[in-house]
Amino acid sequence: MAETKVIMPQMGESIFEGTITKWLKKKGDRIERDEALFEISTDKIDSEIPSPASGVVQDILVKEGQTVQINTVVAVIGDGSAKPAAEAPPAKEPAQEAPKMKEGPAPGGGGPVPGVEEETEAEESPLDEGVRSSPLVRRIAKERGIDVSALAGKGTGINGRITKRDILSYIEQGGKAAQPSVSPPQSGGAARSAGLVNQTPPSPPPMKFTGEVERVPLTAMRKAIAEHMVMSRKTSAHVTTLFEVDCSHIVKAKEKQQAEFQRSGVKLTVTPFFVQAAANALKRFPVVNSSLDGDTVVYKRPINIGIAVNLEWGLIVPVIKNADEKNLFGLAKAVNDIGERARNKKLTPEDVKDGTFTITNPGQYGGLAGTPIINQPQVAIMGMGGIKKRAVVIDDAIAIRPMIMLSLSFDHRVIDGAVADQFMADIQKQLENWQS
Amino acid sequence: MALTTYVEAIRQGIWEEMEKDERVFVLGEDVGIYGGAFKVTAGMLERFGEWRIIDTPISESGIVGAAIGAALMGMRPVAEMQFADFISCAFDQITNFAAKCRYRWGAGVPIVVRGPSGGGVHGGPFHSQNPEMYFVHTPGLKVVCPATAYDAKGLIKAAIRDPDPVIYFEHKFLYRRVKEDLPADDFVVPIGKAAIRRLGTDITVVTYGAMLYIALDAAKELEKEGIDLEVLDLRSLLPFDKEAVIESVKKTNKVILLHEDTQIGGFAGELAAIISEEAFEYLDGPIRRITAPDTPVPYSPPLEEFFLPKVSDVVRVAHELYAY
């Protein structure tokens with residue numbers, strides 16, 4: 001007989017836990033291999049997790065809304081036969097296996113198995129381990145909305161315990177004392193006034209408001225975005241440059257190729273044009289495709305362009321790998337594909353990894369231009385404003401042209417204004433002279 | 001003005017109450033002609049006469065029984081146990097009778113049973129005990145343990161005026177060792193109220209009786225290293241000042257419970273339970289107890305010294321807790 005344990009997958013390198021947002025099957029349900037079993041939310045992506053095996057959901061060990069570490073067993077898929085699950089357990093999670101051995105055969109059809117509920121209850125506690133603190137520290141953290149694990153390794157108590165002094169000084173310093181992993185080491189000319197920069201979150205003044213309110217806790221994704229944005233602001237020296245681009249050529253090219261693309265099932269928008277222009281420019285200006293690692297600029301060979309996708313529940317940046325190797329058709333297909341999968345929660349960790357440059361679309365609802373925040377550890381992000389017909393002066397005559405405002409936020413630690421503008425001028429030139 | 005010793009403060013307190021209220025009288029072994037084993041009643045026989053200062057046979061049960069009877073007849077007896085160790089001979093009278101009268105028949109028993117307790121004077125196992133917890137465990141009684149001359153006087157007066165039985169444990173080590181300038185007016189110390197003896201920010205030491213001075217000396221030593229103890233003197237154990245304890249723990253977030261009594265079933269255990277029930281989320285470290293070990297009080301002076309909690313114990317535990 002077979003019994004397969006379903007574990008919380010690692011949805012990306014730096015992810016150590018995930019929240020089960022929804023079980024799509026209940027105990028006793030039949031499930032096919034690769035059929036969606038549950039939905040999770042991590043600090044990078046929300047995703048449906050397929051079943052690793054066909055069978056019957058024999059046991060669900062983690063409740064909806066609960067956050068567990070990766071590799072934690074969250075469910076067991078049995079073969080639906082009425083055999084005891086005695087042989088299954090590999091050594092890793094012995095505590096979780098014990099109850100099932102006692103509980104005996106699951107009824108053939110896979111109805112609810114009596115006696116399992118309480119056993120699973122008991123297993124919830126070991127998940128909450130990690131940083132040593134105290135009841136007081138945990139209460140202060142809760143009241144101030146601080147994640148105690150942010151102080152991991154910073155405790156001055158016995159065995160590194162987080163003490164009252166530690167958390168109070170953490171709060172005093174704007175919640176910044178710990179967070180070693182987050183920002184790249186600062187170096188050389190990048191010295192920024194700690195005082196100024198650190199005053200942003202995470203220790204805002206207590207909220208004062210008289211009147212009815214509704215308090216909604218941040219979702220894992222929202223929290224990740226919040227942290228990532230603030231971290232980026234604190235890490236890079238953001239500067240934004242604006243370029244107005246005449247889109248006549250690409251609009252024409254789009255109209256011309258639309259039908260042809262459509263026949264292959266690919267919807268053509270303007271986005272792929274910008275992706276292609278950016279990919280070409282990135283090849284010519286490799287520093288825009290780099291990262292800063294301490295005192296070292298890391299130039300990345302692959303050109304992987306992330307496209308910010310707006311979702312009802314947040315924002316995600318799936319990545320088109322090796323964008324420079326794709327033609328317009330390939331790019332159009334890729335843009336459609338990642339957008340669709342993002343909205344359907346079908347992205348994999350691979351899809352959001354290893355971006356080297358990002359394009360975002362502040363013009364989606366008519367915005368003229370935006371000043372986007374760099375997606376760390378990248379060093380630049382391009383924002384596309386809305387394309388709108390405007391009166392422009394060409395050869396001393398007034399003409400009507402579809403215009404777009406492109407913005408580039410770049411990290412002045414690595415990129416100087418001249419390079420950024422040359423990079424943008426390159427993109428402008430490509431777009432304005434597009435030949436289809 | 002001359003400083004008043006702890007023992008003299010008790011004597012003054014009883015004396016003043018006897019002057020004011022003729023229902024008040026003293027009974028006990030050698031309290032009359034001899035003036036009491038520790039001279040608490042010295043001079044009283046001459047002043048108040050043998051109807052109010054009564055020498056009794058050696059029978060603690062008889063002394064307390066007679067006091068209860070007199071109290072029920074409207075008197076305000078102050079019964080002396082020559083050593084608090086022998087209060088156990090009167091255990092039944094106190095716990096089954098004095099403590100229950102009001103609840104059983106609605107008849108209050110306004111007696112005071114007082115006596116010298118505690119070690120540090122090489123008195124051996126029968127003359128050094130701290131029997132307070134037998135009585136703290138008995139609903140219907142009040143139990144007080146003054147540590148200063150002011151409290152000794154203020155609490156004996158409050159005990160005499162109290163409508164219910166009060167067990168008054170004086171600490172014999174303090175009799176002539178602590179003294180202070182007492183106000184001349186008529187004052188009482190309310191039963192059930194603690195006193196903060198030293199304000200501090202890092203660790204609270206909750207204590208009572210002679211251990212107050214151990215805590216204060218330790219605080220002085222720790223102050224040099226920048227560790228700031230708050231010292232809370234309970235003064236009364238039943239009822240005890242829970243609010244004061246909780247408030248101090250909420251402030252310092254770390255607590256040492258210090259008493260001279262042995263550990264199991266000692267007052268520190270009860271305090272620890274209450275603190276963890278009511279101030280758990282304010283604790284930044286484990287609740288620590290410093291008490292005598294669970295043995296009778298040794299007779300040998302070096303052993304007794306080992307047995308009693310010391311300044312160095314408080315300093316050591318405070319170090320551990322501070323670093324925790």
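**A walk through chains A and B**

The buried residues of helix 4 of chain B pack against helix 3 (60–72), helix 5 (101–105), strand 5 (112–117) and helix 6 (132–136) of chain B; contact here means C-beta atoms, placed from the backbone, within 7 Å. Helices (H or I, at least four residues) and strands (E, at least two) are DSSP runs, numbered from the N terminus. Keep in mind that this is a predicted model: local features need pLDDT of at least 70, side-chain atom pairs count only at pLDDT 80 or more, and totals for chains, interfaces and linings use all residues. Residues are numbered from 1 along each chain as its sequence is written, while chains are lettered from A and ligands numbered from 1 in the order in which they are written.

So who is doing the packing? Helix 4 covers residues 91–98 of chain B, and B:Gln93, B:Ile94 and B:Ala98 are buried there. A residue is buried if 20 or more other C-beta atoms lie within 10 Å of its own, exposed if 12 or fewer, and partly exposed in between, with C-beta atoms placed from the backbone. Look down the axis of helix 4 of chain B and its buried residues fall within an arc of 95°, so they line one face of the helix; the arc is that of the directions from the helix axis to the C-beta atoms.

Now hop over to strand 2 (residues 24–28) of chain B. Here 5 of the 5 residues are buried, so the strand is largely enclosed by the rest of the structure. In a regular strand the side chains alternate between the two faces of the sheet. In strand 2 of chain B, both faces are covered: B:Val24, B:Val26 and B:Gly28 are buried on one side, and B:Phe25 and B:Leu27 on the other.

What about its neighbours? Strand 2 of chain B pairs with strand 4 (residues 76–80) of chain B in the parallel sense over 5 bridges, where pairing takes at least two DSSP bridges. There, B:Val24 sits opposite B:Arg76. Strand 2 of chain B also pairs in the parallel sense with strand 3 (residues 53–55) of chain B, over 3 bridges, and B:Gly28 has B:Asp55 as its bridge partner.

Most residues other than glycine have a negative phi, and most peptide bonds are trans. B:Asp30, in the loop between strand 2 and helix 2 (44–48) of chain B, has a positive phi of about 60° although it is not a glycine. In chain A, the peptide bond from A:Gln376 to A:Pro377 is cis, with omega near 0°.

Definitions and conventions
Contact = placed C-beta atoms within 7 Å.
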